[in-house]
Every structure is written in C-alpha cells, then in structure tokens.
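Trainee: Could you show me how to read the features of a protein model, taking them one at a time?

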Amino acid sequence: IGNKALGISSSLRHVCAACVPAGIPFLTYNWRAEIWNLVFVLGVALGGFIGYRVMGHPEVVGISPETVHDLKTQLHLTDFSGLLPRELFSLDNLANWKGWFFLVFGGFLVGFGTRYAGGCTSGHAISGLSNLQWVSLVAVIGFFAGGLLMTWVVYPKLF
C-alpha cells in the first residue's frame, strides 16, 4: 500500500541509528524518514502481547491424531514434552562458555546473514516472493538449505 519493503531486520538498523551517536557511516542517514518501520515493529510486539493476554494459550498444544499415532508407533514416544531440545532452550546454557559461545556466535551469524542476504527470512519470503523478486527466491532457498544442513549435519555433531 505504501510502496515500502516490509521486513523486520531493517528496524534494528533504524534503532541503532537513533540510539548510537557514533559516526559509523552505515548508521549515518535520516532514520526519521523510516519511523513507520519502528511503529510497525512496535505494533507487532504489542499485538503479540495483547493477543496472548486476551486470547490466552491452550494448556495442551493441539496435535493431530495422525501425528500422535506416528510419534507413538515410530518414535515410541508417550511424553511429548521433550520434542524441543532442552539443550537449546534452557537458561542453564548461560551458565557455561559453550552456551554463551552459541548465543553470541549464532547471533553474529544471523546478523551477518541477514545483512549479506539483504533482509531476513520473513522479509524475503513474504515481501520478496510476493513481488516475484529473483533474489528473494534465491535467498529463501538458501535459508532453507542452511536450516536443513544445520539440523541434519552440523547440530548432531555439536551435541
């Protein structure tokens, strides 16, 4: 509607340009012209908070009966609370160097990849693909290939 590229990753640049008074060339621009992006991000966060508070959350996550059957028969699971790797989603990771390394290095890689690809996954997948941009198709394929490579090759070797 406003002929603006929709994405979340660029908002971090706007926040840094507004808050960091150093003379970094990448952050030296008129960030006030992009204030709509900051309002958008605030609206996303506020909408998520209001949605959670108003609608709540179910105590039990709804899983289709077919998926429950497959998990029970193929993986022999009866308790579905361990489907997410606790090694990744535990605050205990902050108590050791390995957790901090993954947090800092992983954050750096995400930031570098977002900048190198010219946007984040949501920006490329939603805005870029809907505008039929070739570079977004290549980026989304790269995001998925990297995710699959990490999940099936790199992550099992780390833990």
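Mentor: Let us start with S136, which is found in helix 6 (residues 134-158), where helices (H or I, at least four residues) and strands (E, at least two) are DSSP runs, numbered from the N terminus. Bear in mind that this is a predicted model, in which local features need pLDDT of at least 70 and side-chain atom pairs count only at pLDDT 80 or more, while totals for chains, interfaces and linings use all residues. Residues are numbered from 1 along each chain as its sequence is written, and side-chain values use heavy atoms, with hydrogens and water left out.

Trainee: Is S136 buried or exposed?

Mentor: Buried means under 20% relative accessible area, exposed means over 50%, and partly exposed lies in between (1.4 Å probe, protein chains only). S136 has a relative accessible area of 1%, so the residue is buried.

Trainee: Which residues is S136 in contact with, leaving aside its neighbours within four places in sequence?

Mentor: Contact means heavy atoms within 4.5 Å, and with those neighbours set aside, S136 is in contact with H124, G128 and L129.

Trainee: At what angle do helix 5 and helix 6 pack?

Mentor: Axes are lines fitted to C-alpha atoms, for helices over the stretch in contact, and angles run from 0 to 180 degrees between N-to-C directions. Helix 5 (residues 121-130) packs with helix 6 at an angle of about 140 degrees, and their axes are 9 Å apart. A crossing is left-handed if the near helix is turned anticlockwise from the far one by less than a right angle, and right-handed if clockwise; helix 5 passes helix 6 in a left-handed crossing.

Trainee: What is there to notice about phi of L132?

Mentor: Most residues other than glycine have a negative phi. L132, whose place is in the loop between helix 5 and helix 6, has a positive value, with phi near 55 degrees. Its relative accessibility is 77%, so L132 counts as exposed.

Trainee: Which residues of helix 1 and helix 2 meet?

Mentor: S10, S11, H14 and V15 in helix 1 meet N37, L38 and V41 in helix 2. The axes of helix 1 (residues 9-19) and helix 2 (residues 35-55) come within 9 Å and cross at roughly 115 degrees, and this crossing of helix 1 and helix 2 is left-handed.

Trainee: How many aromatic pairs are there?

Mentor: Rings of Phe, Tyr and Trp (its six-membered ring) pair if their centres lie within 6.5 Å, and planes under 30 degrees apart count as stacked, over 60 as edge-to-face and the rest as tilted. By this rule there are 4 aromatic pairs. One of them is the stacked pair of F101 and F105, with 5.2 Å centre to centre and 10 degrees between the planes. Both residues lie in helix 4 (residues 97-117), 4 residues apart, about one turn of the helix. F101 is partly exposed at 42% relative accessibility, and F105 is partly exposed at 39%. In another pair, the ring centres of F108 and F112 are 6.2 Å apart and the planes are at 20 degrees, so this pair is stacked. F108 and F112 likewise lie in helix 4, 4 residues apart; F108 counts as exposed at 52%, while F112 is partly exposed at 47%. Ring pairs also link F101, F102 and F105 into a cluster.

Trainee: Where does the charged end of R13 sit?

Mentor: A charge sits over a ring if NZ of Lys or CZ of Arg is within 6 Å of the ring centre and within 35 degrees of the ring normal. The charged end of R13 sits over the ring of F26, 4.2 Å from its centre, and R13 also lies over the face of Y29, at 4.2 Å from the ring centre.

Trainee: How many disulfides are there?

Mentor: A disulfide is a covalent bond between the sulfur atoms of two cysteines, and the rule used here asks for a pair of cysteine sulfur atoms within 2.5 Å. The count comes to 0 disulfides. C16 is in none, and the nearest cysteine sulfur, that of C19, is 7.4 Å away.
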